[in-house]
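Please look through the sequence and the model shown below before reading on. The notes that follow take up a few places in the model, one topic after another.

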Amino acid sequence: MFVETRTKDGKALDDETEEAIEKLKTMVENDGKPAAKALQSMFGKEKSGKVCCYGGTITLTILKKYEEMTTMQEKHDQEIFGILCSHAMAVIGLRTLNPCQYYLAILCVAAPTVHPLRMQVFKCVGDGYITCEATTFMRVLWFGRDMQSADALCLYKAIAISRSTEELSPKDSICYSQTPLDQVVMATITARASHLSLAAAAASNLSSVAPLSSASLSFASSRSPPPFLGLRLALTPKTPSFCKRTEGRGLPVEATAAGSSSARPTILVAEKLGEAGLELLRGFANVDCSYNLAPEELCAKISLCDALIVRSGTKVTRDVFEASKGRLKVVGRAGVGIDNVDLQAATEYGCLVVNAPTANTVAAAEHGIALLTSMARNVAPSDASMKAGKWQRNKYVGVSLVGKTLAVMGFGKVGSEVARRAKGLGMHVIAHDPYAPAEKARAIGVELLSFDEAISTADFISLHMPLTPTTSKLFNDETFAKVKKGVRIINVARGGVIDEDALVRALDDGKVAQAALDVFTVEPPPKDNRLVMHENVTATPHLGASTVEAQACVAIEIAEAVIGALKGELAATAVNAPMVAAEVLSELAPYVILAEKLGRLAVQLVAGGSGIKGVKIVYKSARDPDDLDTRILRAMITKGIIEPISSAFVNIVNADYTAKQRGLRISEERIFHDDSPEAPLDSIQVQLTNVESKFASALSDAGDIRVEGKVKDGIPHLTLVGSFTVDVSLEGSLILCRQVDQPGMIGYVGRILGDENININFMSVGRTAPRKQAIMAIGVDEEPNKESLKKIGEIPAVEEFVFIEL
Ligand SMILES: NC(=O)C1=CN([C@@H]2O[C@H](COP(=O)(O)OP(=O)(O)OC[C@H]3O[C@@H](n4cnc5c(N)ncnc54)[C@H](O)[C@@H]3O)[C@@H](O)[C@H]2O)C=CC1
Ligand SMILES: O=C(O)C(=O)COP(=O)(O)O
């Protein structure tokens, strides 16, 4: 890895940048908004992109002119950029009109002591180029103005270390190292206690490595535009296809703002959401807060809404998606568990479901520990007894926790936090989770065991798995028969993972001594629920996520996810669509465009009446298959194939489903190709098998329509049609002509198009041999009229031609 942060002539920063930093420094005490405005005014409107930051004290971290830095390989550029983006609180991309000029500013909080909630607010949620990872954690970088490459290298190391600690809690230690400001840099990086010393070592090395001694890692530019992390993947349907879609389904077309890109969307918030989240939503959309809606009321409202935000109390059923008449594009679950959302129905309707998977983790874990300790010491019943005027010291003798074995069932985010805390109480912690990595358990000092081993050795069992068909009633009569007599059970996961009748029986016969339950199969449970009324049960009304802090974080996290999704950005917390890391996404961005265009091109080559059944996609790549996620590419090819020939609207959520519904068999093949090891892909080939083509030259020897493309300088190119090699950028529209190769052909066609004032943006001729068959691929900016196309067809040497809209 290499860092080079100097300008070409060795100066650290230019005057303009220096000045900008000075001005911003004076604003450190100010609210973020003036600072953002100042940034904009400093660089002039035409130079600056959208700047977004919200409230609080901010300061400028890096401000660099990309074009002045030494040229570095694009891959490194993207890598470091991706890392920075996922670790900075707020990253602001100020993109100039010239793609080579790119200003990168990272804003961060000035003091490491700022409350984590405040930092959340700093995340860039605007129409910017960057999206930050939604975390509640403090990951702050602050580079001073004279940062040396060696310092950046150290910082990088520290980031890398902090990066491997994915699950920091806001309370985790902060490693804070400061060198004299005039010298270099201050870095604040958080790390879990176990990583603290490493991070500290890395950060304390700042300035101590010889500058520019070794190869470095780069923020510098290549010729291509900067990575575009705010990649849009058309989640928002175009108005026409959207409207057509509702017609196609036999549903009335809703004459509302849905699908209209200019109108403000409407977001229905169906359960109480933190004010900070509501504020963000109101800045972007019309917000309707209607709580406690009956199912029929929700169905009645939903066709007027583009997004719906719920917590665990609202069932988002198939009826809701049906009633939305296609308008609902996003369901935001302000929490973790999505068992109250019919994901299959959402997917079928092309509706993205996003959740807030991390913001309430600590709250749920703390509640688990609260239930564990209060159950063990009979806090709730003894409190009730005192309030009833009694003083029953003998009745409420508890059990100790130290040295006891706790089985954590489900070693995910909450489970592992519970384990960590229970170890602090002196408990011996074991866990069962079929999917948890052993290293993660080892790092916390927890042994992963089989289900039976875990439940049969535990004194306490704490449940932390999701409710799925597999975990439904996982704790039943058979399970309780295997537990140690007198075991105590805590459930802050989902009521449905326990067969509640079986638990009542186990409590009655003493097999289970006590249970502490936050969640129930039916919520709220009926008044006479035997579990709730049981004297050995401590019950709370689904309070796991209900802390002031968690709810504020959840509200912001879900608001940002929903806003991003409504803007068509790929959501990092998507539940029913591929989640792709920002850095991977930026790398794949041009290939995503290529994939859709190849799909659109291939399908327009099919002769009318010839149904498509099989699609074969061949990816040539130097990457290991595990290193190349093709789901987005497949989805975009599917979109490209289906949308031009149907009223369906296809997005990454419903692509596979829609293909299946239409009987489209899509197969993928990877071919190892190490010619371009830096790029994720060398080429993508789309074959439509066993179809007739209206342009016979597009058929391969096997009789399949075959088109192949590559990304060149960030632009998608068509490189193969049938057996003909061509090279034409896939922009605008395309005319493909097969002709006898002879002089003057380009001139003929060029004149016909020129007469109609049609601009040719690209032209390429592929031929089998000189003066034999050739294919001319002509990229045009405008669609030629029928007359011109007819004239092209009438050129004597032209044997066939086709016009394709991309
Ligand atoms: N009571 C409350 O207010 C809250 C409840 N929750 C619930 O807590 C549960 C855990 O949430 P997170 O830790 O955030 O989710 P997570 O997805 O991080 O962890 C769930 C873990 O369960 C494991 N798992 C799946 N099937 C399993 C099985 N058959 N046996 C054992 N483990 C299995 C998974 O591998 C995963 O590691 C969820 O049910 C969630 O809805 C979460 C937050 C608040
Ligand atoms: O996040 C979860 O899974 C929870 O159970 C929290 O639910 P709530 O948002 O408090 O209704």
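What is the handedness of the crossing of H24 and H25? In this predicted model, the crossing of these two helices, H24 and H25, is right-handed.

**Helices H24 and H25**

- Helix H24 covers residues 745–755 and helix H25 covers residues 786–794, and their axes come within 10 Å of each other while crossing at roughly 165°.
- Because angles over 145 degrees count as roughly antiparallel, this crossing makes H24 roughly antiparallel to H25.
- On the side of H24 the contact is formed by Val 749, Ile 752 and Leu 753, and on the side of H25 by Ser 788, Lys 791 and Ile 792.

**Helices H12 and H14**

- The axes of helix H12, which spans residues 361–376, and helix H14, which spans residues 413–424, come within 8 Å and cross at roughly 50°.
- At that angle H12 and H14 are therefore oblique to each other, and H12 passes H14 in a crossing that is right-handed.
- H12 contributes Thr 361, Val 362, Ala 364, Ala 365, Glu 366 and Ile 369 to the contact, whereas H14 contributes Lys 413, Val 414, Glu 417, Val 418, Arg 421 and Ala 422.
- The residues that form this contact of H12 with H14 divide into seven nonpolar, one polar and four charged.

**Gln 685 in strand E23**

- Gln 685 is placed in strand E23, which runs over residues 683–689, and it counts as buried because its relative accessibility is 9%, where buried means under 20%.
- The side chain of Gln 685 makes a polar contact of 2.6 Å with the side chain of Gln 687, and a polar contact of 2.6 Å also joins the side chains of Gln 685 and Glu 708.
- When neighbours within four places in sequence are left aside, Gln 685 is in contact with Lys 616, Ile 617 and Val 618, with Arg 706, Val 707 and Glu 708, and with Leu 720.

- Ser 693 lies in the loop between E23 and strand E24, the latter covering residues 705–712, and with a relative accessibility of 14% Ser 693 counts as buried.
- A polar atom of the side chain of Ser 693 lies 2.7 Å from the backbone oxygen of Leu 605, and the side chain of Ser 693 also reaches the backbone oxygen of Phe 695, at 2.9 Å.
- Apart from neighbours within four places in sequence, the residues in contact with Ser 693 are Leu 605, Val 606, Ala 607, Ala 698, Leu 699 and Ile 705.

**Glu 596 in helix H21**

- Glu 596 has its place in helix H21, which extends over residues 582–604, and Glu 596 is buried, with a relative accessible area of 18%.
- Although Glu 596 and Met 636 are 40 residues apart along the chain, their C-alpha atoms are separated by 4.7 Å.
- Not counting residues up to four places away in sequence, Glu 596 touches Met 636, Ile 637, Lys 639 and Gly 640.

Conventions:
Residues numbered from 1 in each chain as written. Chains lettered and ligands numbered in written order. Predicted model: local features only at pLDDT ≥ 70, side-chain atom pairs only at ≥ 80, totals over all residues. Heavy atoms only, no water. Axes fitted to C-alpha atoms, helices over the stretch in contact; angles between N-to-C directions. Helix = DSSP H or I, 4+ residues; strand = E, 2+ residues; numbered from the N terminus. Parallel < 35°, antiparallel > 145°, perpendicular 65-115°, else oblique. Left-handed = near helix turned anticlockwise from the far one by under 90°. Contact = heavy atoms within 4.5 Å. Buried < 20%, exposed > 50% of the residue type's maximum accessible area, 1.4 Å probe, protein only. Polar contact = N/O pair within 3.5 Å; in protein donor to acceptor, adjacent residues only side chain to side chain. Nonpolar A, V, L, I, M, F, W, Y, C, P; charged D, E, K, R; others polar.
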